[in-house]
Number of protein chains: 2
Amino acid sequence: METRTELSTIGEFGLIKLIDSKFQSINPETIKGIGDDAAIIDTAGRELVVSTDLLMEGIHFDLAYTPLKHLGYKAVAVNVSDIAAMNAIPKQITVSLGLSNRFSVEAIEELYEGIKIACDEYKVDLVGGDTSASRSGLVISITALGTAEKKNIVLRNTANTNDIICVSGDLGAAYIGLQILEREKQVFLANPDMQPQLDKDKDYVIERQLKPNARMDVIYELRDLGVIPTAMIDISDGLAAEILHLCKNSGTGAVIFEDKIPIDDQTYLMATDLNFSPMTAALNGGEDYELLFTVKQEDFETIKNMSDISFLGYMTNDVDGVKLMMKSGTLINVTSPGFEHF
Amino acid sequence: METRTELSTIGEFGLIKLIDSKFQSINPETIKGIGDDAAIIDTAGRELVVSTDLLMEGIHFDLAYTPLKHLGYKAVAVNVSDIAAMNAIPKQITVSLGLSNRFSVEAIEELYEGIKIACDEYKVDLVGGDTSASRSGLVISITALGTAEKKNIVLRNTANTNDIICVSGDLGAAYIGLQILEREKQVFLANPDMQPQLDKDKDYVIERQLKPNARMDVIYELRDLGVIPTAMIDISDGLAAEILHLCKNSGTGAVIFEDKIPIDDQTYLMATDLNFSPMTAALNGGEDYELLFTVKQEDFETIKNMSDISFLGYMTNDVDGVKLMMKSGTLINVTSPGFEHF
């Protein structure tokens, strides 16, 4: 039998000590992490960027099919993604947890193992947090801090007409992965003896849902190439919603081309299997955490050979609105149903 | 009848817009607040301090007797208190909320009104956050950022033998206030026709529980006097626990004198009324949010006339442990039951 240590046996201070023992700071800017009233950070003259996310059990994740280690990783990655979307470098995070007593110490260690893997991968230091009991589900609140020189910071509202619209990776997979996990859960609930079928032909879309990447690699590559996007946002709510954000904030319109929207083969196959349109998944499915950004026309030559970037179209005049040019040649208006959590 | 607007009618983006409209930035360091992937902060060469707190309904607060406006104020104040305890100046906060649909838009506006009052009082800017649905109770996660010159930052682990132990305000009131609120709630639950009796003779202890102050006034006064404490912590878990923290972290012992521990008259009266020891409330009751700090002997002359500071005793050698000298002359060991949320 697996060891199960009740949280009450080590208590709040025991838990903090356990967490502290697993995390060593990497960044020289992290002067003091866990262990005082607040963490101390030296930003060395750079601008600080701050982002925060609240993940609630039953709303953002379902522990029926989400391994705690993946959840820990994802919670960090989605915050790092917000820092990346400012063209900044993530440096520190704080992690607060609301825990019910159904979680053992071992379960919380699993969660922190995922957090640690993400911290190592994105080179961020865990510098603080809070732990609390919860009367109900698991609550994870993460705040991420990053730095950038002022000239490198990229906002949402600074795209211009004729800028080229770029996106990293591929879209819609995380949403299709979620649909498969939900379907398998229903099968399992209906017949607990039937094990969920998570074959290799679904591994990509499921990993995209459970363990998304923050695209820091794109940020570093753009730096190496000397290109600063004119505007940037990360895709948490689907391509349509995010492109509308960029346009609304920048006061531009846009044209994007259906045949340029990157969709992975497995996403296509699995979407079809679910009787779901792959294009709808890409446009309105959430949680891809890819970067959507615009560059000046003159920068196109420099970035055109970037390996994992698609060029979707270009920004237009405000009055033109946001349009999708279909393969058929039809031009349709892009509107977003939004991604409302209430 | 009061207006009740369902949260679903304005949605997540409507809520963000509503919040944004109520908060204007005060600090020049706040370059960009709400509205992008992350907030942008210029720390102007100072060190940054970061603290975070997670407040959960049913664990940290009971909405049966906690007005939402007070709760919003308190959520900010307890974070500002952590920044104060670093001898730093609070500058920005992020506020994340998990909300069930039993909260109307008007209720959330009440909560933010309290947050706004605290932001104005402590001169902090709301720069971001996240809003989410919650399957159960209200969840409030706040992260506070502050700045200080490196030489001004005060930690927990830097007190020395013979340093004088100081505390602001008075202790135990918040705990007694909580006991009264809990008692009145039980009376009300037993007989809903009987209205809770919250007379003027209880107003101080109840306000200390529902709307505690962060003692930034003490921080500013110490700056004006040119005194930097040798160590500091805020009292969230009772005097005993916090003095043990200071001693354990600094490698010192301490002697404190019972007759120097500041307890308000109303705390005494109400504690007696509840058959509860006022001294136990001061030593082990939580949520006073006063500042406990140590200063060098040579600084005593400078601060001895500060209006709201009590001098409890002095730090001793590690091997002496932490002792309380009773009025009777008896010396007892201070141990802490701790303040465990699990």
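The centres of domain 1 and domain 2 of chain A, taken over C-alpha atoms, are separated by 26 Å. This is a predicted model, in which local features need pLDDT of at least 70 and side-chain atom pairs count only at pLDDT 80 or more, while totals for chains, interfaces and linings use all residues. Residues are numbered from 1 along each chain as its sequence is written, and side-chain values use heavy atoms, with hydrogens and water left out.

**The two domains**
- Chain A is divided into domain 1 (7-152) and domain 2 (164-333), with bounds that come from an automatic or database domain assignment.
- Domain 1 of chain A gives 25 residues to the contact and domain 2 of chain A gives 22 residues, where contact means heavy atoms within 4.5 Å.

**Buried area**
- About 2100 Å² is buried between domain 1 and domain 2 of chain A, and carbon and sulfur atoms give 59% of this area. Buried area is the accessible area (1.4 Å probe) that two parts lose on being put together, summed over both.
- Tyr65(A), Lys74(A) and Asn87(A) lose the most area on the domain 1 side, together 30% of what that side buries.

**Salt bridges**
- The rule finds 2 salt bridges across the interface of the two domains of chain A; each is a side-chain nitrogen of Lys or Arg within 4 Å of a carboxyl oxygen of Asp or Glu.
- A salt bridge joins Lys185(A) to Asp62(A), and their closest N and O atoms are 2.4 Å apart.

**A helix contact**
- Asp203(A), Tyr204(A) and Val205(A) in helix 5 of chain A meet Gln266(A), Thr267(A) and Met270(A) in helix 8 of chain A. Helices are DSSP runs (H or I, at least four residues), numbered from the N terminus.

Key
Chains are lettered from A and ligands numbered from 1 in the order in which they are written. Helices (H or I, at least four residues) and strands (E, at least two) are DSSP runs, numbered from the N terminus.
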